[in-house]
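Trainee: I would like to go through some of the labels used for this model. Please set each value against its definition.

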Amino acid sequence: MSPYYWWWEYLRRNNDYLKCCENEGKGKLSELYKDFGDVRGESFREWWRVKAVPLFAEKRSDIRVDEVETKDEIPNEWDKEDLMILKISLGMDKKSIKKIFNQILKKRHTTERGRPVQKFGKSTAKYPINQNFTIDNLRIGLEVYDLYKSTREGDKKLKLWEIGVEKRLLADSMPHPNDDNGEKLLKRNRMAATVGRYIKQAEKRIENVGRGIFP
């Protein structure tokens, strides 16, 4: 699954946003609703087709290859990762210029043909994705959060370490029949701490998507 799928899933856990959906776009997150729309449906692909593409599309630069005739033509804000500016002495012969240019281009332009580099930190999308995440972490975090929330009521309330055991989060902290009391306590503490971290991460992400930020 793409990170955009998980953006959608986390947004579906934001209570303020769900209330906005129920009220047809009215509420605390009405401005966000104008962009993301109703996320209560079960089809991510349908939501993506109708609402999401313009939100996450990267804008193409108008700059291609052109000669800079004056310093005023150099963009006020430019980054060497996106734009290369060269100074070339026309007193050199063409063969030498081409050789040096190709050497610089090979070093600087590492993108495969037809596959533009995605620079998370330099995204031009209306809603860029932040860099620090893994798909597994997004998935596991939400699974742990959902299980935690589903067991907060009734008689089947699971302890944090029990959630960790059910999700098999730490292989070296799974219970074993030969564990003594000390080993049991140590494993349970490890599991509980891990589950607690996942829950806090998920809660923060759910809060962030309500502000148009992910993860």
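Mentor: We start with Gly196, which sits in helix α8 (residues 181-209). Helices here are DSSP runs of H or I with at least four residues, strands are runs of E with at least two, and both are numbered from the N terminus. This is a predicted model, in which local features need pLDDT of at least 70 and side-chain atom pairs count only at pLDDT 80 or more, while totals for chains, interfaces and linings use all residues. Residues are numbered from 1 along each chain as its sequence is written, and side-chain values use heavy atoms, with hydrogens and water left out.

Trainee: Why does Gly196 count as buried?

Mentor: Buried means under 20% relative accessible area, exposed means over 50%, and partly exposed lies in between (1.4 Å probe, protein chains only). Gly196 has 18% relative accessibility, so it counts as buried.

Trainee: How far apart are Gly196 and Leu160 in sequence and in space?

Mentor: They are 36 residues apart in sequence and 7.0 Å apart in space, C-alpha to C-alpha.

Trainee: What makes Asp35 buried?

Mentor: Asp35, in helix α3, has a relative accessible area of 17%, so the label is buried. Its C-alpha atom is separated by 7.3 Å from that of Leu55, 20 residues apart along the chain.

Trainee: Why is the pair of Tyr5 and Phe44 called edge-to-face?

Mentor: Rings of Phe, Tyr and Trp (its six-membered ring) pair if their centres lie within 6.5 Å; planes under 30 degrees apart count as stacked, over 60 as edge-to-face and the rest as tilted. The ring centres of Tyr5 and Phe44 are 5.3 Å apart and the planes are at 80 degrees, so this pair is edge-to-face. Tyr5 is in helix α1 (residues 3-11) and Phe44 in helix α4, 39 residues apart, so the pair links distant parts of the chain. Both Tyr5 and Phe44 are buried.

Trainee: What makes Phe36 and Phe56 an edge-to-face pair?

Mentor: Their ring centres are 6.2 Å apart and their planes stand at 70 degrees, so the pair is edge-to-face. This pair also links distant parts of the chain, with Phe36 in helix α3 (residues 30-36) and Phe56 in helix α4, 20 residues apart.

Trainee: Are Phe36 and Phe56 buried or exposed?

Mentor: Phe36 has 0% relative accessibility and therefore counts as buried. Phe56 has 5%, so Phe56 counts as buried too.

Trainee: Why does Asp66 count as exposed?

Mentor: Asp66 lies in the loop between α4 (44-56) and α5 (94-108). Its relative accessibility is 72%, so Asp66 counts as exposed.
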